[in-house]
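Please look at the sequence and the model together before reading on. The paragraphs below move from the overall fold to the sheet, and then to contacts between side chains.

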Amino acid sequence: MSPSTTASVSTHILDTSVGRPAEGVAVHLSARAGREAVWQALGGSATDGDGRCKDLPALPEGTTHVRLDFAVEPYFEESANQQADAQQDAPANRDSGAFFPEVAITFAVVAGEHYHVPLLLNPFGYSVYRGS
């Protein structure tokens, strides 16, 4: 597959509630070729100690839309007690670990371009942007 005939995607997650990368978050990648096309699940990965997914699958030729699904609830459930101990004013228990149990980001792509989509995450909100 030639880099000029398809787009590529990478991502990383920063947990802004603690100012550190979010390790161990499952990320699933899907793609489609047009607004009316059916989503095709391509596979997934999990963030490493640097909060990065270095092994997301390649996008198929003809991809026009990409969806990244981040399973953040297990991450916050796992780290809630550790974070509460580390933060002076943090509550000992959160309702479910995260207000948003999952984050789905959908974006348009053009063949030959690379798309880095960082997720800035905290238990009660998130932000994404096209990085470099």
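The model is a predicted one, in which local features need pLDDT of at least 70 and side-chain atom pairs count only at pLDDT 80 or more, while totals for chains, interfaces and linings use all residues. Residues are numbered from 1 along each chain as its sequence is written, and side-chain values use heavy atoms, with hydrogens and water left out.

The secondary structure of the protein comes to one helix and ten strands, where helices (H or I, at least four residues) and strands (E, at least two) are DSSP runs numbered from the N terminus. Read along the sequence, these elements follow the pattern β-β-β-β-β-β-α-β-β-β-β. Of the 132 residues of the protein, 39% count as buried, a class that means under 20% relative accessible area, with exposed being over 50% and partly exposed in between (1.4 Å probe, protein chains only).

In which order do the strands of the open sheet stand? The four strands have the order β4-β3-β6-β7, and their pairing is antiparallel; two strands are said to pair if DSSP finds at least two bridges between them. The strands β4 (40–46) and β7 (103–108) stand at the edges with a single partner strand each, so one side of each is left without a neighbour in the sheet. From one strand to the next the twist averages 20°, an angle that rests on axes fitted as lines to C-alpha atoms, for helices over the stretch in contact, and that runs from 0 to 180 degrees between N-to-C directions. Strands of a sheet pair through backbone hydrogen bonds, either parallel or antiparallel.

The individual pairings can be followed residue by residue. Strand β3 (residues 26–32) pairs with β6 in the antiparallel sense over seven bridges, and within this pairing L29 has L68 in β6 as its bridge partner. Strand β6 (residues 65–71) is in turn joined to β7 by six bridges, again with the two strands running antiparallel. Here F70 stands opposite V103 in β7, and H65 stands opposite A108 in β7.

Among charged side chains, the count comes to four salt bridges, each being a side-chain nitrogen of Lys or Arg within 4 Å of a carboxyl oxygen of Asp or Glu. One of them joins D50 and R52, whose side chains meet at 3.1 Å, N to O; D50 is partly exposed with a relative accessible area of 43%, and R52 is partly exposed with 31%. Another is formed by R67 and D69, with the closest N and O atoms 3.3 Å apart. R67 is partly exposed, with a relative accessible area of 22%, and D69 likewise counts as partly exposed at 21% relative accessibility. A further salt bridge is formed by R130 with E113, the closest N and O atoms being 3.2 Å apart. R130 lies in the segment after β10 and E113 in the loop between β7 and β8 (114–116), so the pair ties together parts that are 17 residues apart in sequence. Both ends are partly exposed, R130 at 47% relative accessibility and E113 at 35%.

A search of the whole structure finds four aromatic pairs, where rings of Phe, Tyr and Trp (its six-membered ring) pair if their centres lie within 6.5 Å, and planes under 30 degrees apart count as stacked, over 60 as edge-to-face and the rest as tilted. The rings of F99 and F100 have their centres 4.9 Å apart and their planes at 80°, so this pair is edge-to-face. F100 and Y126 form an aromatic pair that is also edge-to-face, at 5.2 Å centre to centre and with 85° between the planes. This second pair links distant parts of the chain, with F100 in the loop between α1 (73–86) and β7 and Y126 in strand β10, 26 residues apart. F99, F100 and Y126 form one aromatic cluster, in which F99 counts as exposed at 58% relative accessibility, whereas Y126 counts as partly exposed at 36%.

V128 has its place in strand β10 (residues 125–128) and is partly exposed, with a relative accessible area of 32%.
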